[in-house]
Amino acid sequence: MAEVESLCDIVIFGGHGDLAFRKLMPALYHLSNNGYLNKESRIITATRVSMSNEAHCDLVKVKLEEFLEEGAFDEEKFNYFKEQLHVVIIDFGDNQSYKGLSTLLGNYPQRDRINYLSTAPDFFGSICQSLSKWELISPKSRVVLEKPIGRDLDSSRVINVEVLKYFEESQIYRIDHYLGKDTVQNIMALRFSNRFFMPLWDANNIDHVQITVAESVGVEGRWGYYDDYGAMRDMIQNHLMQLLCLVAMEPPCSLEADSVRDEKVKVLRSLKMMTPADIQQKTVRAQYSQGSIDGKPVPGYREGVGVEESTTETFAALRVDINNWRWNGVPFYLRSGKRMRTRNSEIVIQFKTIPHSIFANEGRCISENKLVISLQPKESIQLKLMNKIPGLSEEMRLQQVELELNTPLNMSHKPTAYERLFLDVIRANPTLFMRLDEVEAAWKWADVILDAWAENQVPMKSYSAGTDGPTAGIQLIARDGRSWHDE
Ligand code: BG6
């Protein structure tokens, strides 16, 4: 068993929503059963649908059976976990409906309180206001905000200003679950604990960086939300930007939350603001049409969303430049899309070729060294190097080989990003959460592109579901004489 953590009460607002059942409850189930959550801690689901504690436990059980990884559900473990489950019925906009929550939390006023807002962001302000009115916010309270926090800089400011009326910035945990992925955290370990990479990590040695997050799934029932947001707001502005920051940032002076976040925000502020001409040349937006995934036909986005004239992009690709000494002239190519051929997320650091090849006369081309950090479906890190093909052939023959940098996992269950992040909130460690200035800097950069797209300055392309995206996505990088890693 792991160390037992301090007592806390966790309130999940929107606790009967898709995210809560798919990700949050499974994460808490594992934390509880692995000894990370004190047995006396309470997990309080706040939901609008009236139901008894017993019916709530039954529902959580059904959902855990559905969403836990295969073989993880265990009757005995669930019986232990369910002792921690409570439900309160709250209409988020109705202050009076918080009475039940107030009574429950009032039993243990000294406990750390974690308020997880997994609702539409429109409710963030009113939930915080009610928590304050009922005097449920103490210095030991924290609030976790799920994305999206707004759909542009202005709307994100409105939400943040509201929440900041009731919570200090140090109590606010803006979640980006990509930062909880083990391999993503490994980027820092790799970069800042190995001398090997230190002198190579700059414009003198790196040709370019690629960040791809491709999903074969579609919008999965979240049409209402997605049609209003699209790939740029749903993925690029947050997840891909955070990955870019971890690759590009300077070494922080320590692992303290603010040291790390200071370095990330510097990267975001160094992003080259795109001009209208840049946006036309360096950004691609596209929507999927009907196609097939794994041999099965799937409808196009517009048929799915039921809005004939929807102009929401389900794919975005961009060339991003960073205006600073380290990265001058090194393009970062970003792309993300739904209904792509395969689920594949990776970061590729492509190093420059050697200055002169003594093997060229042998007709052997030298491939560039690459560091490939795969996030999905498999988590792995590979360094691609050139090596001699063993044997007695007269000419020296080379081949590319892969050095696997993976740590074998001696655990029956690999903790998920949400487990890591929940635990960090419980431990009051905000390092892996986004600070206000990061969110704002990312929006400031993205807004310019989104505005130009909204004015139709970049034509919407189309791609068939089950492909690698539109040809324009391939041309974006091909124009610079480069190609995507998987091509
Ligand atoms: C979420 C997006 O933040 O991340 C979803 O809203 C997306 O649209 C998901 O599918 C991807 O997460 P992961 O961890 O499955 O890559």
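1. A polar side-chain atom of Lys147 lies 2.7 Å from an oxygen atom of the ligand, and this counts as a polar contact (a pair of N or O atoms within 3.5 Å; within protein, one must be able to donate a hydrogen and the other to accept it, and residues adjacent in sequence count only if both atoms are side-chain atoms). An N or O atom in the side chain of Tyr178 is 2.5 Å from an oxygen atom of the ligand, and for Glu215 the distance from a side-chain N or O atom to a ligand oxygen atom is 2.5 Å. On its own the ligand has 390 Å² of accessible area, of which the protein covers 83%; such areas come from the Shrake-Rupley method with a 1.4 Å probe, and for residues only the protein chains shown count as cover.

2. Before reading further, please keep in mind that this is a predicted model, in which local features need pLDDT of at least 70 and side-chain atom pairs count only at pLDDT 80 or more, while totals for chains, interfaces and linings use all residues. Residues are numbered from 1 along each chain as its sequence is written, and side-chain values use heavy atoms, with hydrogens and water left out.

3. Which residues are around the ligand? Among them are Lys147, His177, Tyr178, Lys181, Glu215, Arg222, Lys338, Arg343 and Gln376, where a residue is near a molecule or strand if one of its heavy atoms lies within 4 Å of it. Helix H8 (residues 223–248) gives the most to this shell, with three residues; helices (H or I, at least four residues) and strands (E, at least two) are DSSP runs, numbered from the N terminus.

4. Two cis peptide bonds deserve a look in the viewer. One joins Lys147 and Pro148, with omega about 5°, and Pro148 has its place in the loop between strand E5 (141–145) and helix H6 (153–164). Another joins Gln376 and Pro377, with omega about 0°, and Pro377 is found in the loop between E14 and strand E15 (380–388).

5. Nine strands form an open sheet with mixed pairing, in the order E16-E15-E14-E13-E7-E12-E11-E8-E17, and two strands are said to pair if DSSP finds at least two bridges between them. Strand E16 (398–404) and strand E17 (460–464) stand at the edges with a single partner strand each, so one side of each has no neighbour in the sheet. On average, neighbouring strands of this sheet are turned by 20° against each other, direction ignored; the axes are lines fitted to C-alpha atoms, for helices over the stretch in contact, and angles run from 0 to 180 degrees between N-to-C directions.

6. Within this sheet, strand E13 (residues 344–351) and strand E14 (residues 370–376) run antiparallel and are joined by six bridges. One example to find is Ile347, whose bridge partner in E14 is Ile373.

7. Leaving aside neighbours within four places in sequence, Glu440 is in contact (heavy atoms within 4.5 Å) with Leu153 and Arg157.

8. Glu135 is not a glycine, although its phi is positive, at about 55°. Glu135 lies in the loop between helix H5 (124–133) and E5, and counts as exposed at 70% relative accessibility.

Conventions:
Buried means under 20% relative accessible area, exposed over 50%, partly exposed in between (1.4 Å probe, protein chains only).
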